[in-house]
Amino acid sequence: QLVESGGGLVQAGGSLRLSCAASEHTATSYAMGWFRQEPGKEREIVASISWNGGTTFTTGSVRGRFAISRDNAKNTVYLQMNNLKPEDTAVYYCAAGARYSITRTGFDYWGQGTQVTVSS
């Protein structure tokens, strides 16, 4: 089970930190990712991280502004989002997969999503 939190409404230029709480097995053994989806569009990857945090990926449109991290002792994965822009507005989903991946099909388990809205 994956449970996201930390979404909300923020002004452009502001910051938010999303959290994804996972079961102990998932948090310590699975690769994790953050995806986002706007209405009428496909779900796209934002960032992913290997099970031990040794490998990370951040998609180009958010590189330098967003960072993914994990704390396996707390069974939690984070997405720190800085300098937010209106185009970052979307529902953000946490996902887990048995192997590290940067594609949607590489993830097997999904959270319910959390809304992030950035006002201009």
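Student: What makes R36 and D88 a salt bridge?

Tutor: In this predicted model, the closest N and O atoms of R36 and D88 are 3.0 Å apart. The cut-off is 4 Å between a side-chain nitrogen of Lys or Arg and a carboxyl oxygen of Asp or Glu, so the pair R36 and D88 qualifies at 3.0 Å. The pair links distant parts of the chain: R36 is in strand 4, D88 is in the loop between strand 8 (76-81) and strand 9, and the two are 52 residues apart.

Student: Why are R36 and D88 called buried?

Tutor: Buried means under 20% relative accessible area. R36 has 6%, so R36 is buried. D88 has 0%, so D88 is buried as well.

Student: What makes R36, E44, R65 and D88 one network?

Tutor: Salt bridges that share partners join them. D88 is such a partner, with a salt bridge to R36 and another to R65. The structure holds four salt bridges.

Student: How do you know that E38 and K41 form a salt bridge?

Tutor: Their closest N and O atoms are 3.8 Å apart, and the limit is 4 Å. E38 has 26% relative accessibility, so E38 is classed as partly exposed; that class lies between 20% and 50%.

Student: What makes the pair R43 and Q37 a polar contact?

Tutor: The side chains of R43 and Q37 come to 3.1 Å, and the limit for such a pair of N or O atoms is 3.5 Å. Leaving aside neighbours within four places in sequence, R43 is in contact with F35, R36, Q37, Y93, R104 and W110.

Student: Why is W34 called buried?

Tutor: W34 has 0% relative accessibility, so W34 counts as buried. W34 is found in strand 4, where six of the seven residues are buried. A polar atom of the W34 side chain lies 3.4 Å from the backbone oxygen of Y78. The C-alpha atoms of W34 and S15 are separated by 16 Å, and these residues are 19 apart along the chain.

Student: How do you know that strand 4 pairs with strand 9 and with strand 5?

Tutor: Pairing requires at least two bridges. Seven bridges join strand 4 to strand 9 (residues 90-97), and these strands run antiparallel. Five bridges join strand 4 to strand 5, again antiparallel. Strand 4 therefore pairs with both. M32 has A96 as its bridge partner in strand 9, while F35 stands opposite I45 in strand 5.

Student: Which residue takes a positive phi in the hairpin of strand 4 and strand 5?

Tutor: G40 does, with phi near 80°, and this hairpin has six residues between the strands.

Terms used: Residues are numbered from 1 along each chain as its sequence is written. This is a predicted model: local features need pLDDT of at least 70, side-chain atom pairs count only at pLDDT 80 or more; totals for chains, interfaces and linings use all residues. Side-chain values use heavy atoms; hydrogens and water are left out. A polar contact is a pair of N or O atoms within 3.5 Å; within protein, one must be able to donate a hydrogen and the other to accept it, and residues adjacent in sequence count only if both atoms are side-chain atoms. Contact means heavy atoms within 4.5 Å. Helices (H or I, at least four residues) and strands (E, at least two) are DSSP runs, numbered from the N terminus. Buried means under 20% relative accessible area, exposed over 50%, partly exposed in between (1.4 Å probe, protein chains only).
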